[in-house]
Amino acid sequence: MDPNKDNANPTILNPSDLPSRRRESTVKRRNDGASGLFDDLIPRYNYLNDPFEQSELSSDSEDGEFEHIDEQEVYDLISSISDPEHPLSLGSLAVVNLPDIRIQPPTSPFSSISTVVVEITPTITHCSLATVIGLGVRVRLEQALPPRFRVDVRIKKGTHSTDEAVNKQLGDKERVAAALENATLMGVLRKMLSTCE
Amino acid sequence: MTSPTLALSHVLRPLATLSPPSNSRTWQTAPHPSQPIVATACSDRTVRVYSLTSFTLLHSITGGHKRSVRSVGWKPGVRGQSVLATGSFDASAGIWRRREDDESEPKDFTNRNTGDSDEEEEDDDYQFACILDGHESEIKSLAWSPSGQYLATCSRDKSVWIWEELEDDNFETVAVLTEHDGDVKCVNWHPEEDLLVSSSYDDSVRLYREDSDDWVQVAAIDGHKMTVWWAAFEGSGMAKVDFRKQRDGLGEKQTQYIELLERSGPRLATCSDDCTVRLWRRRPRERHDGGTGMPSIIRSAAIDEDWLPEATLPQQHTRAVYSLSWSQKTGLIVSAGSDGKIIIYKERWKAPDAPSTSNGASNGASADDQNKDWMGEWALSEWVVVAELWEAHGVFEINHVTWAARRDKGVRWEGEEVVLSTGDDGEVRVWTLDELDVQEGEGSDADKMVDA
Amino acid sequence: MSDIQQYLLDYDRNKTEASATAQKSATRLTDGELRLLKLIEELGEYFNSEDGAVRVKAMSYLAEVLAFVPQKVLSLQQRNLLCDFILSRTEDGDGVGSCAKGLIALEERGKWDHERVQTIMETLLANTAPLRQYKQQSERYPALRLVDILMASYRDALKALHEATPDFLPRFIAYFDGEKDPRNLMMVFSILKVPMTEWSIGADAQDLFDAVFNYFPITFRPPPDDPYGITAQDLKDRLRECIASAPEFAPYAFPALLDKLDSTSMNTKRDVLQAITASVTQYGPRTISLYSITLWDSLKFEILNVQDEDLAEEALNGLAAIATTLSKGTSGPLHAYLRPIIKECNEHFEDAPTKQSQAAARILHGIAGVSSEVINIVFAAVLPNLLTLYQTADTMAKRRGLLEVFVQLIRANVEVYGDWRTVGTAGEQSANNALIQFRDQALQVLLSGLETAPINGVSFRLVCLDGLLQLSSARGLLTDEDVGKIIQLLHTIVIHEESFGKDEIKEAAINGLVDIAHQKPQVVVDKAFPAFMAQLPDTDADESKGYLTVLEAFAKLANEEQVFDTVILRLKNKFTSAVTQNASSAYIVALLSAMLYALTKGATRLEQSPESTTYYQDIVVPLFKRTSSTDSSHPKTFDDETTLDLVGRICNIIVRSQSAEHQHAIAQEVYTLLSGTSTSDTPPFKASAPPESDKTMIVSTHILASLRKEARLPCEIELLVSQLAEYAQQPQLSAPIRSASLRQLSLVINKFYSASALKTCLNPLINAPFEIFNAEKLDPPRIRIIFAALKGILLRSSPVLATLYPHLLSFLSHPKYGTTVAHGFSTLLQPDDLLTKQNHCQISGLHRQKSFALLVPNITQAFREATPNNKSNYLIALSGVLKWMPFDIVMEEVDHLVLPLLQSLDLKGEDLVKEAAISTLISTLEEKPQVIEEHAGSIISRLLANSIRNKEAGAPPRVRAAALKCLMLVPEKLKLESVLPYRRQVCKNLTAALDDPKREVRYAAVKCRSRWLEVDEVGDDDE
């Protein structure tokens, strides 16, 4: 075993079992159950964009519905972060799990501030990198979510020996801000986030 | 807009946003003791000096720090120049000087559009005077003592440092206080005595004073359940301006209560991650050994102080409360934090037969704190929310609020104050506090506030 | 002055002069003008000079002369004399280079005998060792060459010398000690390789080994201007060969190598692993058997805790190499080697699925693939354990993990024993495949796994499925009956299983069927096809769309050529019966689609297939009939344009592959076939014609597309063109029919005009009465015709474009239709699925360049001069052209395009234009960022404006996303100093895009913003 790793032999989930919207988008569900294999037999553009009608049909604008930011989207944002000690994603290590992500709507009609709560599960209870991982998740979300979201990253109860301490650190805005100005730490985080799509 | 659950007597109205705003997070804003200017600590490593008359940028102080500037403070009581202290995440504090020309600053308009750019090297610019090194990690807060003799700084290295300026730009470390076992988030000075307070990540608040030229902790306050972000003292002699001003018609108990407060001296307010704002009062000494002017032999014995929970303000915040400010003019308290709200509280006499009112005004008595019974008999005042503002900086967090004298043309009365809020959006906003008269119902001004 | 004096004079001044002199002497020597003895005498005084430099030059002179003397001039006796003389000079410590050169020259002029060779060697060692005493590389090099020549041409002599003189080898090795120069080292390595491989080195093995291993690992970086072009790799390779050359090295090599394996440098580790692999392969089984386990104990870590993928690969190669070598020897050592491996792997499997159980599987896969013997041992020891673990496993995840291992092993098995179509590495011996005895259990586990596992156990079932495929392909393993079972399970999944999640299982199942069809076509035809057919009704009375999935799956089977014909045949029959029983159009369309899909998959095959004529008879002709029929046999569906398009395409694919003659015949009937009427009044485009005959336009266009350009049309083309033009103008035409007629116009012009005729092909339209370029008459129908015609021409990049394009450009300022024309430009180069090479169209390789050159500069020019209200037209036209232009063409002009492109980002409502502009900007950033550098500010602000949604005049999602993608490139491609000033502003503004209503936009915004956040103030790396 490799002594300088906290957990040299983590359990690994199979990508097919990880929830993700990204890959779904390639296959769209259709009412007739077909996969749309035959859809492109007749190339679309021949009839559909007669450029001479363009001026009218242009600005195809918002095709209506508002795709709200949901837990799945948050999961997709953070599951691809890679673990600082394995070349594996937090998703496949089950450090972040869809059911442990909650989006809490604004507490009052006068507020538009929602809260994202992410509970992470370190690969083992004394993983010294829990803080770094947590920080990575928090930073990723602060960079990727609109400011109307407050991000609370916590260690899942009972999965870590010092979870309270870690949670307090992750919750401290000032410490996080300072951490992001620390070149060394930032280096580690960049490496973790470099695998994010 | 105001929450319907409270009947509010006041409303905060936007007066201005200091422009141009910073492109990144701003941490704290310090009004100048005498001039109509403020200094704002920015995460882009600069300090921005704005005018409170024109609400525009006068100077951008750059090049001093390698990391975020977290805290700024004007040295009080200096003539002929302005002295600014800056505390940064780069673990150093800087002292800056600017020669002071006529109070009304015409430069204002020549410099207004300097924006972030630090091109202009005019000699009326802030000059770097000296650097205070010593802290091992980020400086989180600093404060000048009222006399200007001392400068206190605190840091993530868990220590509080007190510097004394022997002569210009020659600072000596007079104390390194390491009582806390967590980041020290805030330091502030007592308005009348050389008494320093610090609040910390370790959930505690500590007070220090000099004892036979050695600075020592004289009290520790554990009431908050989580990080204490800010601690500030009440102004000096507030009894003459706040709810105590009107003496006639008061019952005997109330008069005694006022005397008690008088003997305690200015009170202390703290706010915390636990979403509460709490007040603390020093237990007065017995008449005969009235604090000062006593033989120095036994003083050190008597130096320890006892700070009692006085009140817990109505809890309006739903997330960490980062900052509060206690008006020296009106005794009003303003608080703000992560939930983006600004709350204004006012102290008043309890209605004689109603121990605690709908506003959940909880003071020592109803506060779940120790020596309840002792407090009980004195619990004669209560705090109520008089104004509440949602999303003062849109969806962004508010890092700091403070009262400041209103200095623009529109000032309505002698000594009018405005609230300055400093946010993650890089903006410093200026608010006036207006009393609601009867015909102006909640609804209408709620609408007005929407565009805030 | 004598030659030698002359030579000495020139030596330092001018080397070539000097050589010339030497050559002169050589000629004189040859012509007998100069006698050898004389020459030596002359030299004498210089050889005795006090000054070493002079002595060296003298020898250099002699060496050069000898090198110039032709063969046969010097007698054997003379040569021997010279040889002795030169050798004697080697005592002179001042230079060995020239002596060596001289000797080499002599050697070239006559072979030496054993004893002379030995003397030379000995003298060299006696007088010139160690070589490093000579500081000049140029001194040492010739000596090394000499030794190398001796090694190469007189092996026996030297070997004999070595065997005769006990202390020879040590001295020999020491001779090269401390060589540093890469060029020389190459020489040294190849010299030393001879004793290593050919002599008995016994006691000197270690010295010999150290002599080369001292240089390990090679860290030399060749100088940029190295004349000999020696790379570090050359050195590494030779060094590795040396290390691997003698089994006697093993006791020193392996410990030393394994010790260096702990290095932190990836390169060193890589060299070590490669050296190990090489040695393992060379040293032979007996030696390796002593080290195999030690090696395993260290190599495994590279795989169990991967630091670096390719290191793991190297390590794996090493382990496999050991197995390979050992299988060459007796079985004992091989077992001894495999035992601990199997043991450890088995242990790792107990807590599958983990990083290490995966690694263990990888190891076994790597080793098992080596030989039939190895794989049989591994199987015997691992499979039983796996299967028991599997039976006792408590979680789905664990079972999956175990099966993954299992499947990997079967895959290795297929590599060794081969599949049904090809013999494996082990040759034809599937009979003794150890997998046979686990066959039934494996099949049962995998079948029931796939069949009984809950539908949401996707990954688990996928593994089972993969396993089954491996089993079914393993050569001679399963009976057709067993394969049948698998097939049945698969098609049941395809047909009956309810859809779940991303339907990975269904997809894998159908692809699996294709794979099996590749191995066992007949079984698939027998088992699966009936099942599929049974699901396809002859008519769909009940409106259920259930057949769709079945059809999709079935059509996919056409991917496997061995069943292609059968698939087509069954589909055709289904179609016929469906039509006769007049099934719903939906069903018929589905069947046609399936047929078309299948045909496109088999298109390449159709080309050379003899069946293609029968396809024409069986499929095309009947389709024609149905299309043209007017009686009851005419299916309603065939009045629908989509159906007809499908029909057209099916015909197109089949006709395309017909022989020239046959096509000619078809061409004659191309219109009549459909109209049923006589040839007289073709083409049948008449405004008067009944609407349903309009429909046949679609089919005829497709057929026309399929014809070779040699095929002759039933009517003369000028007429055809003007008629099509007239026809296409009719207002009542539906979009598909209009498009069909316009494309037919393009096709005719592109294919059937001679190059010369092409120049005038538009005249019928340009001249009165039509006057297509008459600005007064301009209207959308005519604009369409102009573009359709031009499209046909530009593909052939005919010179006539030079006269046609100007008309078009002039229309951009047309008061009424300027904008319409502008939009047309995007159609010019838009790829068209009918105008293709497969459809025998004439497409010049340079047509894009041509149009670009004729259009773009003029557009940009005109844009600059245009009036404000016209400007947008030119921007639209420009982006229309650029949209389909490969960037390498745009590259040249792009400097002039940046400004217009940026301005088109300000256009309101022209979203496709913006999209095109952005994509060009993206390519510009990627290929030629420097031209954007100066516009950093304006591109950033414009992209920001387009990436953030605002109610009024907001760009649509696609544009917003594109803008963000482009904005992301800006910091990547432009200089830091040009983007740094905008960093905070961009990051702040992008927070708005993070809250975009559309997910795809947010996705792009996230990527863009994180890229910008990385842009950092310089000099921030304290701590």
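Q: Before we start, what should I know about the numbering and the model?
A: Residues are numbered from 1 along each chain as its sequence is written, while chains are lettered from A and ligands numbered from 1 in the order in which they are written. This is a predicted model, where local features need pLDDT of at least 70, side-chain atom pairs count only at pLDDT 80 or more, and totals for chains, interfaces and linings use all residues, and side-chain values use heavy atoms, with hydrogens and water left out.

Q: OK, chain B then: how many helices and strands does chain B have?
A: Chain B has 5 helices and 30 strands, where helices (H or I, at least four residues) and strands (E, at least two) are DSSP runs numbered from the N terminus.

Q: And how much of chain B is buried?
A: Of its 452 residues, 63% count as buried, buried meaning under 20% relative accessible area, exposed over 50% and partly exposed in between, with a 1.4 Å probe and protein chains only.

Q: What is the strand order in the open sheet of 4 strands in chain B?
A: The order is β2-β3-β4-β5 in chain B, with antiparallel pairing, and two strands pair if DSSP finds at least two bridges between them. Because β2 (26–31) and β5 (57–61) of chain B stand at the edges with a single partner strand each, one side of each is left without a neighbour in the sheet. Strands β2(B) and β3(B) (residues 37–42) are joined over 5 bridges in the antiparallel sense, and B:Thr29 stands opposite B:Thr40 in β3(B).

Q: Is B:Asp213 buried or exposed, and what about B:Glu391, buried or exposed?
A: B:Asp213 is exposed, with a relative accessible area of 69%, and lies in the loop between β16 (205–210) and β17 (215–221) of chain B. B:Glu391 is buried at 16%, in the loop between β26 (381–389) and β27 (392–395) of chain B.

Q: Switching to chain C, what does UniProt annotate at residues 40–305?
A: The unreviewed entry gives "domain: MMS19 N-terminal" for residues 40–305 of chain C. In the model that span is 71% helix and 0% strand, and its end C-alpha atoms lie 71 Å apart.

Q: At what angle do α14(C) and α16(C) pack?
A: Helix α14 (residues 250–260) and helix α16 (residues 285–304) of chain C pack at about 5°, with axes 11 Å apart, the axes being lines fitted to C-alpha atoms over the stretch in contact and the angles running from 0 to 180 degrees between N-to-C directions. That makes α14(C) roughly parallel to α16(C), a label for angles under 35 degrees. Residues making the contact include C:Phe254 and C:Leu258 of α14(C) and C:Tyr291 and C:Leu295 of α16(C), with contact meaning heavy atoms within 4.5 Å.

Q: Last one, C:Met59: buried or exposed?
A: C:Met59 counts as buried because its relative accessibility is 4%, and C:Met59 lies in helix α4 (residues 52–68) of chain C. Leaving aside neighbours within four places in sequence, C:Met59 is in contact with C:Phe47, C:Phe85, C:Ile86, C:Arg89, C:Ser98 and C:Cys99.

Note on methods
Angles under 35 degrees count as roughly parallel, over 145 as roughly antiparallel, 65 to 115 as roughly perpendicular and the rest as oblique. UniProt positions are given in the numbering used here, feature names are shortened, and annotations may be inferred rather than shown by experiment.
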